[in-house]
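Subject: Structure handover

Hello,

Here is the structure you will be taking over. My notes on what was found in it follow below.

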Amino acid sequence: MNPNILENNGVDPETVKRFRANPFLVMRMIFMHRDRVCTIIDIDFKNRQIFVRNQTDDLLHRAFGVIEHPTWEDFEEFLESRCFPRTRANLKLVLRDVGVSSYDPLQIIEKTQGRMAEDHQWIHILHREEVLREDGTHQS
């Protein structure tokens, strides 16, 4: 694991190259345990693909546990696992407090960083323009 991965927002020249080569890569999620990077997820929403790099051997702290090549469905389950339940009492009030209009796990995570009361894991999100800006460029 690169201990300095969060320097430059977790972006290295290889990342910039990958984002430039694939215009549909629009987001990077860095799944953290406290201040340690556990999993890096590059996301292509248009083609429903994710590209995952685990940065730890600790299966309990990986975004997808033992799954080495997660599917889009695994990704959707991961997102929902980092949110309060859909069945939560007073859901509309909770959504309003978070600042979203409907139960959309991605929007909720963007507001809450996927933080849960029962663990120390969270998600650092970078959008495409932030990834490319780290290389001194700004492309869409």
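Throughout, a residue is called buried under 20% relative accessible area, exposed over 50%, and partly exposed in between, with a 1.4 Å probe and protein chains only. The model is predicted, so local features need pLDDT of at least 70 and side-chain atom pairs count only at pLDDT 80 or more, while totals for chains, interfaces and linings use all residues. Residues are numbered from 1 along each chain as its sequence is written, and side-chain values use heavy atoms, with hydrogens and water left out.

Salt bridges

A salt bridge here is a side-chain nitrogen of Lys or Arg within 4 Å of a carboxyl oxygen of Asp or Glu. By this rule there are 10 salt bridges.

One of them joins Glu73 to Arg48, with 3.6 Å between the closest N and O atoms. It links distant parts of the chain: Glu73 sits in helix H2 and Arg48 in the loop between E2 and E3, 25 residues apart. Helices (H or I, at least four residues) and strands (E, at least two) are DSSP runs, numbered from the N terminus. Glu73 is partly exposed, at 43% relative accessible area, and Arg48 is also partly exposed, at 44%.

Arg62 and Asp57 form a salt bridge as well, their closest N and O atoms being 3.9 Å apart. Asp57 has a relative accessible area of 70%, so it counts as exposed, whereas Arg62 is buried at 11%.

In the salt bridge between Glu80 and Arg86, the closest N and O atoms are 2.7 Å apart. Glu80 is partly exposed at 29% relative accessibility; Arg86 is partly exposed at 46%.

There is also a network of salt bridges, which links Glu14, Arg18, Arg28, Asp42 and Arg53.

Nonpolar cores

A nonpolar core is a set of buried Ala, Val, Leu, Ile, Met, Phe, Trp, Tyr and Cys residues joined through side-chain atoms within 4.5 Å. The largest has 25 residues, and Met29, Ile41, Ile43, Phe75 and Phe78 have the most contacts inside it. At least two residues each come from strand E1 (25-33), strand E2 (36-44), helix H2 (72-81), helix H3 (91-98), helix H4 (105-112) and strand E4 (121-127). The most come from H2, which gives 4 residues.

A second, separate core has 12 residues, among them Val11, Leu25, Ile30 and Met32.

For contacts, the cut-off is heavy atoms within 4.5 Å. Not counting residues up to four places away in sequence, Met29 touches Thr39, Ile40, Ile41, Ile43, Phe75, Leu79, Leu106, Ile123, His124 and Ile125.

What surrounds Asn22, leaving aside its neighbours within four places in sequence? Asn22 is in contact with Asp44, Phe51 and Arg128. Asn22 lies in the loop between helix H1 (13-21) and E1 and is buried, with a relative accessible area of 17%.

Aromatic pairs

A pair of aromatic rings is described by the distance of the centres and the angle of the planes. Rings of Phe, Tyr and Trp (its six-membered ring) pair if their centres lie within 6.5 Å; planes under 30 degrees apart count as stacked, over 60 as edge-to-face and the rest as tilted. The search of the whole structure finds 5 aromatic pairs.

Trp72 and Phe75 make a tilted pair, 5.1 Å centre to centre with 55° between the planes. Both lie in helix H2, 3 residues apart, about one turn of the helix. Trp72 is buried at 9% relative accessibility, and Phe75 is buried at 1%.

The pair of Phe84 and Tyr103 is edge-to-face, because the ring centres are 5.9 Å apart and the planes are at 75°. This pair links distant parts of the chain, with Phe84 in the loop between H2 and H3 and Tyr103 in the loop between H3 and H4, 19 residues apart. Both Phe84 and Tyr103 are buried.

Ring pairs also link Phe31, Phe64 and Phe78 into a cluster.

Regards
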